[in-house]
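Reader: Could you show me how to read a strand and its partners, and then a pocket, in a model of this kind?

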Amino acid sequence: MKVLFLGEIVGRCGIGVIKNALKSYRRDNDIDLVIANGEGATGGFGLGFQNAIALQHMGIDVLTMGEKSFFKIDMVEGIAKRGNILRPANYPETVPGRGLRYLNVGEHKVCIINTLGMCNFTNPHLNNPFLSAEVICEKAKAETPIVLYVFHASATAEKLTMGHLLKGKVSAVVGTHCKALTADAQILDGGTAYITDLGRCGASVSVGGFEPDHEIRKFRTQVQTRSHESWEKPQMQGLLCTIDEVTGKTTEIQTIKLDVDVQMPPAKENA
């Protein structure tokens with residue numbers, strides 16, 4: 001089974017990357033399942049419900065979220081209507097949506113688990129994922145050998161720790177949130193694919209998908225204004241894994257860094 005994990009989709013440029021590249025890339029590489037982080041798709045901050053539906057029509061099977069899960073008000077109700085949008089599983093059970101999903105991929109069942117880390121997240125600050133990760137994964141392994149763990153976390157050390165905690169217990173542990181594709185993709189002991197961060201789908205020459213000049217100005221002035229989407233050198237970034245359907249072990253991995261032609265829409269004229 002081939003599983004493609006995509007980095008955070010950032011803004012209109014990121015949606016354009018998915019629209020223009022994913023279906024053909026998926027077809028040409030015989031990919032069975034696509035999982036992407038979508039929490040920056042709507043203007044870079046959160047995921048609107050209509051954007052979520054559009055991204056799934058473009059070829060994404062499962063969208064994962066993080067600390068911005070409910071930045072868009074329509075997602076509070078919308079997430080409960082779309083089982084393939086995963087908020088972090090360590091939210092309280094009363095929160096709308098789900099953090100774990102079983103999916104039939106061809107003749108095989110797959111489990112996708114999404115959790116939020118603790119470092120640098122004060123709102124929301126959720127339950128400690130390290131206390132529940134092994135239990136959740138053990139229950140999932142009783143259902144299927146293919147368990148995919150998405151960890152939305154800020155600190156490199158936190159992600160690496162989760163990778164080593166779950167090595168040999170899941171098929172993959174992949175990190176999201178930092179929007180910078182890391183160079184540490186590897187297969188850990190026991191056949192667990194690991195990468196600290198999947199990067200982003202959007203402008204690669206940018207600050208996390210945003211215009212550098214504007215971000216520089218914010219750091220220099222300490223005046224927090226809304227970031228501006230960048231359109232320079234769009235890329236689709238992530239990790240492609242080949243997983244043995246019987247054992248659930250990852251046998252091959254490949255970092256993805258694909259240039260994509262996306263045109264910036266014309267600026268709106270002032271009335």
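Predicted model: local features only at pLDDT ≥ 70, side-chain atom pairs only at ≥ 80, totals over all residues.

Reader: Is strand β7 mostly covered or uncovered?

Author: Strands (E, at least two residues) and helices (H or I, at least four) are DSSP runs numbered from the N terminus, and buried means under 20% relative accessible area with a 1.4 Å probe, protein chains only. In β7, residues 108-116, seven of the nine residues are buried, and the strand is thus mostly covered.

Reader: Which strands pair with β7?

Author: Two strands pair if DSSP finds at least two bridges between them. Strand β6 (residues 100-105) runs antiparallel to β7 and is joined to it by six bridges, with tyrosine 102 partnering cysteine 111. The two form a hairpin with two residues between them, and glycine 106 in the turn has a positive phi of about 65 degrees. Strand β8 (residues 146-152) pairs with β7 in the parallel sense over seven bridges, where isoleucine 113 stands opposite tyrosine 149.

Reader: Which residues line the second largest pocket?

Author: On a 1 Å grid over the protein atoms alone, a pocket is an open set of points where a 1.4 Å probe fits, with protein on both sides within 12 Å along at least five of seven lines, and lining residues have an atom within 4 Å of a point. The second largest pocket is lined by Val207, Phe210, Glu215, Lys218, Phe219, Gln222, Gln224 and Ser227.

Methods
Residues numbered from 1 in each chain as written. Heavy atoms only, no water. Buried < 20%, exposed > 50% of the residue type's maximum accessible area, 1.4 Å probe, protein only.
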